[in-house]
Amino acid sequence: TATHIKNARAIFGPDICILKGKSQHRNLRGPIRFTRTERPIYAKQELHVDGFWFQQTPYFMSVATPLHITLVSPLSSENALEVTNIIKSHIAWLNLYKYEVTHAYSDPASVFKKIIKDCAIGIPLTSSGVAKHDQIVENNIKTLKERLRVILARLVYNVPKNLEIDLVFFA
């Protein structure tokens with residue numbers, strides 16, 4: 001309610017992320033209605049993959065389209081073997097739910113070039129052009145970072161380092 005919003009603003013102050021214009025919102029038309037649906041029929045998925053950093057920790061994100069299933073895993077290093085294993089684990093997770101990954105797309109980072117050269121993940125991995133990025137995964141990374149920054153800005157305490165991975169995973 002409006003009273004709760006006023007109380008929150010009085011206690012925590014203004015929302016910094018909204019003041020800076022960094023959060024995304026959509027104009028919704030009409031009320032939101034939840035309906036029960038059956039399992040989607042999109043059995044074939046394409047994977048869009050990329051890495052990102054948050055709070056000095058590397059992460060790896062893959063987005064399966066057309067369902068836009070987003071999977072995030074922390075990285076201990078950015079070597080090709082670890083990234084290959086994470087991509088394989090994301091593919092295995094999708095296969096567990098009977099989704100078939102037919103193709104993967106990435107940006108032209110050097111770690112992906114090595115994976116493409118070795119054909120290490122079992123499906124075709126296509127790199128985008130020089131200085132171009134895969135917009136699907138880049139937008140999801142941007143949205144995730146915005147959510148994380150909003151969460152961290154609104155908390156009245158500092159999140160311990162060991163809980164940041166869980167915060168990224170569940171945001």
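**View 1. Tyr-105 and Thr-126 join two strands of the sheet.** Thr-126, in E5, is the bridge partner of Tyr-105. The model shown here and in every view is predicted. E4 and E5 pair in the parallel sense, over 3 bridges. Strand E4 covers residues 100-106, and strand E5 covers 125-127.

**View 2. The open sheet.** The sheet has 5 strands, in the order E3-E2-E1-E4-E5. Its pairing is mixed. E3 and E5 are the edge strands, and each pairs on one side only. From one strand to the next, the twist averages 25°. Strands of a sheet pair through backbone hydrogen bonds, either parallel or antiparallel.

**View 3. Helix H3, end to end.** H3 runs over residues 80-96 and has 17 residues. At 1.5 Å a residue, H3 should span 24 Å.

View 4. H3 lies across E1, E2, E3 and E4. H3 runs at about 145° to E3. Buried residues of H3 include Ala-80, Glu-82, Val-83, Thr-84 and Ile-86. Also buried in H3 are Ile-87, His-90, Ile-91 and Leu-94.

**View 5. The largest nonpolar core.** This core has 18 residues. Leu-47, Phe-60, Ile-87 and Leu-94 have the most contacts inside it. Strands E1 (44-54), E2 (57-65), E3 (69-74) and E4 (100-106) each give two or more residues to this core, as does H3. The largest share, 5 residues, comes from H3.

**View 6. A second core.** A separate core has 12 residues. Among them are Phe-52, Tyr-59, Val-63 and Leu-148.

**View 7. Helix H6 on the sheet.** H6 covers residues 161-170. H6 lies across E1, E2 and E3. Relative to E2, helix H6 runs at about 20°.

View 8. Arg-147 is found in helix H5, residues 135-154. With a relative accessible area of 46%, Arg-147 counts as partly exposed, because that class lies between the buried limit of 20% and the exposed limit of 50%. Arg-147 and Ala-171 are 24 residues apart in sequence. In space, their C-alpha atoms are 6.6 Å apart.

Definitions and conventions:
Residues are numbered from 1 along each chain as its sequence is written. This is a predicted model: local features need pLDDT of at least 70, side-chain atom pairs count only at pLDDT 80 or more; totals for chains, interfaces and linings use all residues. Side-chain values use heavy atoms; hydrogens and water are left out. Helices (H or I, at least four residues) and strands (E, at least two) are DSSP runs, numbered from the N terminus. The expected span of a helix is 1.5 Å times one less than its number of residues. Buried means under 20% relative accessible area, exposed over 50%, partly exposed in between (1.4 Å probe, protein chains only). A nonpolar core is a set of buried Ala, Val, Leu, Ile, Met, Phe, Trp, Tyr and Cys residues joined through side-chain atoms within 4.5 Å. Two strands pair if DSSP finds at least two bridges between them. Axes are lines fitted to C-alpha atoms, for helices over the stretch in contact, and angles run from 0 to 180 degrees between N-to-C directions. Contact means heavy atoms within 4.5 Å.
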